[in-house]
There are 2 protein chains.
Amino acid sequence: MHVLLVYAHPEPRSLNGSLRNFSVGRLEGAGHVVRVSDLYAMKWKASLDAGDSTARQADARFDPSLDSRRAFESGLQSRDIALEQDKLLWADALILQFPLWWFSMPAILKGWVERVYAYGFAYGVGEHSDARWGDRYGEGTLAGKRAMLVVTAGGWESHYGPRGINGPIDDVLFPIQHGILYYPGFDVLPPFVIYRTSRIDEARFSGICDALGRRLDDLWKTPPIPFRPQNAGAYEIPALTLRPDVSPEQSGFAAHIGQEATGAPVSGLP
Amino acid sequence: MHVLLVYAHPEPRSLNGSLRNFSVGRLEGAGHVVRVSDLYAMKWKASLDAGDSTARQADARFDPSLDSRRAFESGLQSRDIALEQDKLLWADALILQFPLWWFSMPAILKGWVERVYAYGFAYGVGEHSDARWGDRYGEGTLAGKRAMLVVTAGGWESHYGPRGINGPIDDVLFPIQHGILYYPGFDVLPPFVIYRTSRIDEARFSGICDALGRRLDDLWKTPPIPFRPQNAGAYEIPALTLRPDVSPEQSGFAAHIGQEATGAPVSGLP
């Protein structure tokens, strides 16, 4: 299978760098073909702007969505954007690996999402009307592919627990897992999260690699998070709220996860 | 009073540009002194990297936290970072204004947070031990100041409702309001959110300005979101989970909001 690893850490001689190297080796050892987008090494341009289209009038008003649509449809996207889209189309699975900075992905990776996720590619796909709200949340260009986060965090696991001060890790990651990965169609696997990164000795690193290795071995077997597809009946359209009869007692992020999965819960570390 | 408006939109001739101009005028008209950090106009460097310190050995291993600490303590930060820190210290109130892109702030603004929020300035402040977990979440360098988000979103308000497909807006914004603003000490006011930005005519724009104007007039009167302070007894230290007797039935983001506030709920639009 083809795996794209998008990696965002500025220092190769870091825990993240070591884990990136481990993952590439493990996946290649299992016979997969791996490509790495090392955003810092590529000097990835983080800020979405008018320069992302190669053919604009200098004084034209810039509209992030409409300019993206025009450039995508007419083949006038900046070359770095088109190359990353090609990698996504090539991949059977996407891994986003990054340190959790201020409870989200690093800016350079956020900018990869904003620029690569063009209108017509990752959003604005399919029929948009008051009866059908596009191919998204379970449908879309990247449907049929799998995605997984590999995240390092300085805080303790308890700080990200159900009543931990930073908020539960599943909720902290929801805007990424649901809003960025599930949105254009990916099946999203449970994340692999490493906590308390300042206290990692040889033994702990070895244990982390064992656990991560198993997750990579099971990339095509692990049941995805059962997010609810938008267009399969659970939501009223165009309000896009859950129908009153769907988990009527629930609200918030967790309400968008159904009970359909049969697999046991999968945790990041044993 | 002094207001710092950090603004992240690439096109001045946009809804965001118009609202920025409106806000500056309204605040100045009320006698406040306003400074604007227009990140796109400033060509703000979004990606945190080794270049953020002016005195590094070229071959030294880069550690985002330790390098930030060293540069901050020794006055060797990149000048653009130090200037923004000075603006934050000068300000009595901070407004972050941005379009919601992929359920978070634009990369250029995320990069402002990552680079300006240095170790020793916005985190790593105060005593860190197993008995006390630093001055953060309600304490810290920016305590006593107020902060508010002004956010535009393409989706409908119902899409961000309690059972809306994108998740409730308060939860979508929690990593920013709690994790980025409350963390270094800000009192965080309820956000001002504008939905369905592609459908704004003159009449609606006028109504938005009226509502935003009232929020700006009330910047020092609006009750902040009653996030729970870390070091006032609600949390076990060092686990940093809510004590069993504090809202025992609650978990998730909402558990970190207490019931102490006496003011009525404040909504973005009437």
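This is a predicted model: local features need pLDDT of at least 70, side-chain atom pairs count only at pLDDT 80 or more; totals for chains, interfaces and linings use all residues.
Trainee: Why is the pair A:Tyr137 and A:Tyr182 called tilted?

Mentor: Happy to walk through it. The ring centres of A:Tyr137 and A:Tyr182 are 6.3 Å apart, and the cut-off for a pair is within 6.5 Å. Their planes meet at 35 degrees; stacked needs under 30 degrees and edge-to-face needs over 60. Over all chains, the count of aromatic pairs comes to 29.

Trainee: What makes this a link between distant parts of the chain?

Mentor: Look at where the two residues sit. A:Tyr137 belongs to the loop between α4 and β4 (146–152) of chain A, while A:Tyr182 is in helix α5 of chain A, and 45 residues separate them.

Trainee: How do you know that chain A and chain B touch, and how many residues take part?

Mentor: With contact taken as heavy atoms within 4.5 Å, chain A contributes 69 residues and chain B contributes 68. About 5,200 Å² is buried between chain A and chain B, and carbon and sulfur atoms give 62% of that area. Three residues, A:Trp102, A:Arg163 and A:Ile165, supply 20% of what chain A buries against chain B, more than any other three.

Trainee: Which elements of chain A give two or more residues to that side?

Mentor: Those are α4 (107–116) and α5 (169–182) of chain A. The most comes from α5(A), with seven residues. By class, this side of chain A has 38 nonpolar, 19 polar and 12 charged residues.

Trainee: How many salt bridges and polar contacts cross the interface of chain A and chain B?

Mentor: The salt-bridge rule asks for a Lys or Arg side-chain nitrogen within 4 Å of an Asp or Glu carboxyl oxygen, and across this interface it finds zero. Polar contacts need N or O atoms within 3.5 Å; here there are 38 residue pairs, with both residues at pLDDT 80 or more.

Trainee: What joins A:Ile237 and A:Pro238?

Mentor: A cis peptide bond, with omega about 15 degrees. A:Pro238 lies in the segment after α6 (202–217) of chain A. In chain B, a cis peptide bond joins B:Ile237 and B:Pro238, with omega about 15 degrees.

Trainee: What phi value does A:Phe103 have, and where is the residue?

Mentor: Phi of A:Phe103 is near 65 degrees, which is positive in a residue other than glycine. A:Phe103 sits in the loop between β3 (93–99) and α4 of chain A.

Note on methods: Residues are numbered from 1 along each chain as its sequence is written. Chains are lettered from A and ligands numbered from 1 in the order in which they are written. Side-chain values use heavy atoms; hydrogens and water are left out. Buried area is the accessible area (1.4 Å probe) that two parts lose on being put together, summed over both. A polar contact is a pair of N or O atoms within 3.5 Å; within protein, one must be able to donate a hydrogen and the other to accept it, and residues adjacent in sequence count only if both atoms are side-chain atoms. Helices (H or I, at least four residues) and strands (E, at least two) are DSSP runs, numbered from the N terminus. Ala, Val, Leu, Ile, Met, Phe, Trp, Tyr, Cys and Pro count as nonpolar, Asp, Glu, Lys and Arg as charged, and the others, Gly among them, as polar. Rings of Phe, Tyr and Trp (its six-membered ring) pair if their centres lie within 6.5 Å; planes under 30 degrees apart count as stacked, over 60 as edge-to-face and the rest as tilted.
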